[in-house]
Structure formats: structure tokens, C-alpha cells
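Okay, thanks for coming, everyone. Let me put the structure up on the screen and then walk you through a few places in it.

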Amino acid sequence: MIEFLKVRKSFGEKHVLRGVDLTVKAGEIMFIIGSSGAGKSVLVKHLVGLLRPDGGNIILDGKDITYLSERDFYDVRKRCAMVFQNSTLFDSMTLLDNVALPIRKHFSVSLEEARRRAVEKLALVGMEGQADRYPADFGDGMRKKVAIARALTLDPQFVIFDEPTTGIDPISAAIVDNLIRDLSVNLGVTSIVVSHDLRSIFGVADRIAMLYQGLFILDGPPQLYRETDHPIVRQFIDGQPDGPMEV
Amino acid sequence: MSAPAAQTPSSGPMSRSLAAVGGPLLMIGGELRDIFRMLFLTLYYLFRKPVRWRAVVEQGYEIGNRSLVFVTLVLGFLGMILIYQSAYQAQQIVGDLQLLGALFLQLLFREFAPTITALMIATRVGTGIAAEVGSMVVTEQVDALRMNNADPIQYLVVPRFVAGLVMTVVLSVFAVVVCFLAGMFVADRLFDVSPTTFFNTTLLTWGDLIAFLMKAFAYGIAVPVISAHAGLSAFGGSEGVGAATTKAVVNCSLAVVFLDFLLSGFAFVFLF
């Protein structure tokens, strides 16, 4: 289980998180939604120590990880993988070596063993036939799938997806959505998905929390979002340019 | 009608003046602390962890080989200009140009070759390092490295540091040769100083060589670390990368000039 307790974060004068509380249960697919710049990515990066909070606490399976050292966060990052918005594959490496990298860095295994395990993960996303090609040879959708394969190499308990379907075609987006669902159903992986793709949100989410002006304003199952009268949530879900929401 | 807001202690003219001075000083202090911390970590990873030698060679090619034309052109023209101006002035005063080459060689070793080369490396290579690393920061590749248990300083900074250090020394030696030959050409053609007269090492001492190496090493350490620090502190999008590049060239240039001042003083007291 993941708990964010009164987490605060500012960048200079800009207060991005103003005391956020959120709990994500084991095996759950939690979507965090909100307008661009609302602080969704900022929040999830705290979980893996890529950002440090100004205040509050982050609890992972009962252990307070808020103030761990960078070295101690390596253990957290073995259990909690992240798929970045830009895929962040390393252009100088083949797809196979990109996926093998976490295994080689986190464990002392031979290159052959790391590559063998990487092929298995590439097969999960249907990219094993392209293992020896370079990221530059592929479009965003394919790169995203490889990034997901890389995130899965360490068999994580938790996976953070930062806008996994942004900028990719609808078919690739549907494949990514299915992968997220399969991870939860088949492997019991807990997923936190940052998104504003409504099709994904209502197709995959177990629970949705909407971040607005540094706080969560609504937290519940997709049905709650379909039925709510909350004016800001309504404006966001309906995609209305005019309304109470300050963008 | 609302009451006028009470003046807080921090809004007085004295407080504002102190804040105007203290704010930038604190910022400079923070930057220096971060740069020295990065230098310390770079040295730690260099001596305690495996070095990516392939990346060092690639960076060496980028920093060294790809700077050759730039260094040749700038130092070549600079050598010609310096000799033309100094020979012209010496002719006006003493009329004897016998020691022109010897003095020029001493000047190159003591000052011009390492310092001008370092300023050029700061311009060409420092901006490149800051832009490359900064782009990796804003596209989250540095975060991805951290997620994969790869420390960005070990992975990105150490190869650039080693390559930058070695290539600054190599390019400084190359700069001496180019600048001296260009000066020799002008001395021969315009002032009738033959190459055998111009090539005179009698004034060159071990102190000059030590000062040359000290400066080249110091600049070779400073430029990659300061540039990488600027890149790693980039934030935002392409605007942040642009700001990091500007910061790198300004900080590197200031560092080179400041180190030159310190090391010249040291050499003057202890070596010359």
C-alpha cells in the first residue's frame, strides 16, 4: 500500500502540492488526473525519490520512505518502477540493452543473463522481434511499449505510468491500457497512472483522484466521476473551455 | 474601509537593501557549494567506481578532435596579431627584435595558450556539455538513469571530466605550437626575423612549464564540472536548456579568468 500524507512541494514561489493526502491499495489501478501543470507528475516522482517533499510523509508498505538517502532509494526503485512520459529510452543502446539495463545495474548478473531476461519482457509487449534495433527506428507508441518492458524487468510490485497514452495512436493506446489492466489482474501489480486521457481513465481505472491547485478535490471510482456535480470536475470531464476551473 | 496594512519588519528600506546584497551572495555561495560537491563526487566516482572508458574516448573525440579547427583558426590568427603588434611596438622603442620569439614563447606558456584555449573550450565544449546534459534532464533521461541505479554523476559527468581534463592539456600544447608557428610566419614575412632567430627557448624555464601545466589542469577540471553542473540544474523545457547553456559559458569563463588570476599570482611568487 502507498500513502501520501500531507505532502507539500514548492518550486520557488509556486506551491505545487499543498498538503496532499492519498492512499493507493495493493493491486489497485489508481488514476491521478488534473490539468497540465497541476502537479500530477511531481507527486508521483516523490514516491521513487526523484523529488523530495518540503513537508509531509510518504509511506510504502508501512515504511516511511520520505527521507531515505539516494542509495537507500535504489531498493525502493527495484520494487517501484516508472514509465516516463517521454519513454526515455537511451538512443545509443539497442532495445534489448535498454531493457537489460536495470537488471545489469541493480543485480550483478552476466550480460547474457540480463539479455535473456530482457527478451522475456520484450515478448510481453510484442517487441521481441525488434530487440536488436535502436529506439530511433520507432515511433512513440513502440517506444512506449519498450519503456513499459524496461519498467517490468525487475518484476516490480508497483508501477508508475506518467501519461502512458499521450502522443500515441489510439490502437497503441489501447494496447498500453490492456497492458496496465493485465499487470493488475495477472500479476497483482499496483499501478499509479498519471493521465488526462478520458478513454483510458474510464476504461482502466479502479479509482480516480483529481488534483487541483495542489490538493485532491475528488477521489473515488469512475462511476463517481460520471455522476458528480462538482463544477470543476464536471468541467474537466466534459472538456468545457469555460467554467470555474483556473488553468 | 479597511485599515492600512502594517509595515512588516522585512519591508523597510534597510531590510530591502540587505536583501538585495545578501540574496545574490547567498545564491553565489549555494552555486559554489554545489559545484564543489559535484567535483568531490566526480573524483569519488573516478577513483572508487568503474569508469566508462568507451564514453571517455567518445567525449575525448568530441572535445579534442572536433575543437582542432576552431583552436587552429583562433590561435593562429591571435599569434599573427600578437606578433605583429608587439614587433611593431618593439621596433618603435628599441628597434631590436632578437628576443621577440623567446618572449613570445614565454608568454604563450605562462598565459595565452592555456587560458585562451580554456576560454575556447568553455565556449565550444562547455555549452555542448550543458546543452546535452540539460536536454537529458528536461526529457527525464537523467531521472530514468536514477531509476536504473545509475548515478548521473558517475554515468554522465565522469567521462566528460576525464576527457575534458586530458583534452584541455593536449589542446593547450597544440595551441602553443599553432600560435608560435603563426607568429613565426608574420615575424619572418613582415619584420625579417628569421625562423632560426625566432625559435629561441633561452627564456623558457621549468617554472613556465609548471605554470602552463597547472593552468591547463585547473581549467580542465573546472570547465567540465561547471558545465555539467549547469546542465544538471536545468529545469523546464527548451528555455531551461538555453538558460543552462548561457550559465555554463558565463560561469566557465569567470572560473577560467579567476583561476588564471590565482595561479598567475602563485606562479609569480613561487615559480618565476
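So, let's start inside chain B. The buried residues of H3(B) are covered by parts that include H4, H6 and helix H7 (195-198) of chain B. Before I go on, keep in mind that what you're looking at is a predicted model.

Which residues of H3(B) are buried? They're Val71(B), Leu75(B), Gly76(B), Gly79(B), Ile83(B) and Ala87(B). Now, the helix itself: H3 of chain B runs over residues 68-93, and that's 26 residues. At 1.5 Å a residue it should span 38 Å, and the C-alpha atoms at its ends are 37 Å apart, so the two agree. Just after H3(B) you come to Gly95(B), with a positive phi of about 75°.

Staying with phi for a moment, there are a couple of residues I'd like you to find. Glu140(B) has a positive phi of about 70°, and it isn't a glycine. You'll find Glu140(B) in the loop between H4 and helix H5 (141-147) of chain B. Is Glu140(B) buried or exposed? Buried, with 8% being the figure for another residue I'll get to, and 7% relative accessibility for Glu140(B).

That other residue is Glu163(A), over in chain A. Glu163(A) isn't a glycine either, and its phi is positive, about 45°. Glu163(A) sits in the loop between strand E7 (158-162) and helix H6 (170-187) of chain A. Its relative accessibility of 8% counts as buried.

Okay, now to where the chains meet. Chain A puts 24 residues into the contact, and chain B puts in 15 residues. The area buried between chain A and chain B is about 1700 Å², and carbon and sulfur atoms give 51% of that. Which residues of chain A lose the most area to chain B? Tyr74(A), Phe90(A) and Lys105(A), which together make up 30% of what that side buries.

What about polar pairs? Between chain A and chain B, the rule finds 9 residue pairs in polar contact. On the chain A side, helix H2 (70-79), strand E6 (80-83) and helix H3 (95-106) each supply at least two of the residues that touch chain B. Sorted by class, that side of chain A has 12 nonpolar, 5 polar and 7 charged residues.

Which brings me to charges. Side chains of opposite charge can pair when their charged atoms come close. How many salt bridges are there across the interface of chain A and chain B? The rule finds 3, and over all chains the count comes to 32. Here's one that pairs chain B with chain A: Arg146(B) with Glu70(A), where the closest N and O atoms are 3.0 Å apart.

Let me show you some others, starting within chain A. Glu120(A) and Arg116(A) form a salt bridge at 2.8 Å, N to O. The two are 4 residues apart in helix H4 (residues 111-124) of chain A, so about one helical turn separates them. Glu120(A) is partly exposed at 42% relative accessibility, and Arg116(A) is partly exposed at 43%. Then there's Asp137(A) with Arg133(A), the closest N and O atoms being 3.7 Å apart. Asp137(A) is partly exposed, with a relative accessible area of 43%, and Arg133(A) is partly exposed too, at 37%.

Back in chain B, look at Glu132(B) and Arg160(B), whose side chains meet in a salt bridge at 3.0 Å, N to O. Glu132(B) is in helix H4 (residues 100-138) and Arg160(B) in helix H6 (residues 152-191) of chain B, so this pair ties together parts that are 28 residues apart in sequence. Glu132(B) is partly exposed at 38% relative accessible area, whereas Arg160(B) counts as buried, at 6%. And there's a network as well: salt bridges with shared partners join Lys45(A), Arg52(A), Glu70(A), Arg77(A), Glu140(B), Asp143(B) and Arg146(B).

One last stop, Thr23(A), which is in strand E2 (residues 14-24) of chain A. Thr23(A) is partly exposed, with a relative accessible area of 31%. Leaving out residues up to four places away in sequence, Thr23(A) touches Met1(A), Ile2(A), Glu3(A), Glu28(A) and Arg207(A). As for Ile65(A), Thr23(A) is 42 residues from it in sequence and 15 Å from it in space, C-alpha to C-alpha.

How values were computed
Residues numbered from 1 in each chain as written. Chains lettered and ligands numbered in written order. Predicted model: local features only at pLDDT ≥ 70, side-chain atom pairs only at ≥ 80, totals over all residues. Heavy atoms only, no water. Contact = heavy atoms within 4.5 Å. Buried area = accessible area lost by both parts, 1.4 Å probe. Salt bridge = Lys/Arg side-chain N within 4 Å of Asp/Glu carboxyl O. Polar contact = N/O pair within 3.5 Å; in protein donor to acceptor, adjacent residues only side chain to side chain. Nonpolar A, V, L, I, M, F, W, Y, C, P; charged D, E, K, R; others polar. Buried < 20%, exposed > 50% of the residue type's maximum accessible area, 1.4 Å probe, protein only. Expected span 1.5 Å × (residues − 1).
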